Structure formats: C-alpha cells, structure tokens
Amino acid sequence: MMQHSIIFPLPLSIHIGFVIISVILLILCYKKRKYTYELYMLVGIISTLFVYVCKEKPYFYILGLEEMILLVLTIVDMAKVSKAAAAAEKAQNEAAEKAEESDGEKAVSEETDSNDDTDKSE
C-alpha cells in the first residue's frame, strides 16, 4: 500500500515518475526549439520535489511563490514566442503574395509582348 502525503496528493514514487518523464520531454523539446519557457517549466517541475524535503510552513510559502513566479515567466515568454511566430508567418504570407503578384504581372507582360509580336508580323 502506498502512503499519500497530506500536503501533496501523489505518492512519492508516482511523483518521481511523472517528474522524470516531464524532464525528459522538456529537455527534448528544448533541444529542438530552444524556447526559454521550456526551461522555466523544467525548473518548476523539478522544484515540486522539494515538497518532500522540508515540512515547515514558511518553506511551502516560498516554494509556492517560486512556482507562481515561474508560471508568470512561462506565460509571458510563451506570449512573446507566439507573437514572434505570428509576425513571421504574416511576413512569409506577404512575401508569397508579392511573389504571386509579380509572377502574374510577368505573365501578363509576356502575353502582351507575344500579342505585339504577332501584330507586327501581320
């Protein structure tokens, strides 16, 4: 039978398993994308294990404050990344539209040139 902590709802073994899986996934994500919010989440997840270190209340308040700060930093950084991605996508779409317009203009000018050539030959 597993013992449950009064303070934390998961047994220690399950908590450690979730932390290990999360750490592995976040490290892989960070290696691929290099977003700093993934590091904030990594630190926040690892620091949840500190619940088992000390049982005094001031320590839990400090840990809660740290988790709140990391949460805010993560949300702010994710918003920045999202805005940057949206701006890059918008710039890419505009460049594609300009390329299509210039291709269309070239096709029209080529048609006009070929019509002029046929008119001259007649």
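What covers the buried residues of α1? Among what covers them is α2 (36-47), where buried stands for under 20% relative accessible area, exposed for over 50% and partly exposed for in between, with a 1.4 Å probe and protein chains only. Before we go further, note that this is a predicted model, in which local features need pLDDT of at least 70, side-chain atom pairs count only at pLDDT 80 or more, and totals for chains, interfaces and linings use all residues. Residues are numbered from 1 along each chain as its sequence is written, and side-chain values use heavy atoms, with hydrogens and water left out.

**The chain as a whole**

Three helices and zero strands make up the count for this chain, giving the pattern α-α-α along the sequence. Helices here are DSSP runs of H or I with at least four residues, strands are runs of E with at least two, and numbering starts from the N terminus. The chain has 122 residues, and 16% of them count as buried. Its accessible surface is about 9,600 Å², with 66% belonging to carbon and sulfur atoms; such areas come from the Shrake-Rupley method with a 1.4 Å probe, and for residues only the protein chains shown count as cover. Taking contacts (heavy atoms within 4.5 Å) with a separation of 6 or more, 48% are between residues 24 or more positions apart.

**Helix α1 and its two sides**

Helix α1 covers residues 12-33 and reaches 31 Å from its first C-alpha to its last, close to the 32 Å expected. The expected span is 1.5 Å times one less than the number of residues. H15, V19, V23 and L26 are the buried residues of α1. Seen down the helix axis, they fall within an arc of 80 degrees, so they line one face of α1; the arc is that of the directions from the axis to the C-beta atoms. The face turned away from this buried side carries the exposed residues S13, I21, L25, L28, K31 and K32.

L25, a residue of helix α1, also belongs to a nonpolar surface patch of about 640 Å², made with L12, I16, I20, I21, I24 and L28. Patches take residues with over 30% relative accessible area and no salt bridge, joining like charges within 9 Å and nonpolar side chains (Val, Leu, Ile, Met, Phe, Trp, Tyr) within 5 Å.

**From α1 into α2**

K34 follows α1 and sits in the loop between α1 and α2. Its phi is positive, about 60 degrees, although K34 is not a glycine. Most residues other than glycine have a negative phi.

The whole structure holds one salt bridge, a term for a side-chain nitrogen of Lys or Arg within 4 Å of a carboxyl oxygen of Asp or Glu. R33 and E38 form it, with their closest N and O atoms 2.5 Å apart. E38 is among the buried residues of α2, along with Y37, L42, G44 and S47.

| Residue | Relative accessible area | Class |
|---|---|---|
| R33 | 39% | partly exposed |
| K34 | 51% | exposed |
| E38 | 1% | buried |
| F50 | 39% | partly exposed |

F50 is placed in the loop between α2 and α3 (57-121). Leaving aside neighbours within four places in sequence, F50 is in contact with Y59 and L63. F50 and L63 are 13 residues apart along the chain, and their C-alpha atoms are separated by 7.9 Å.
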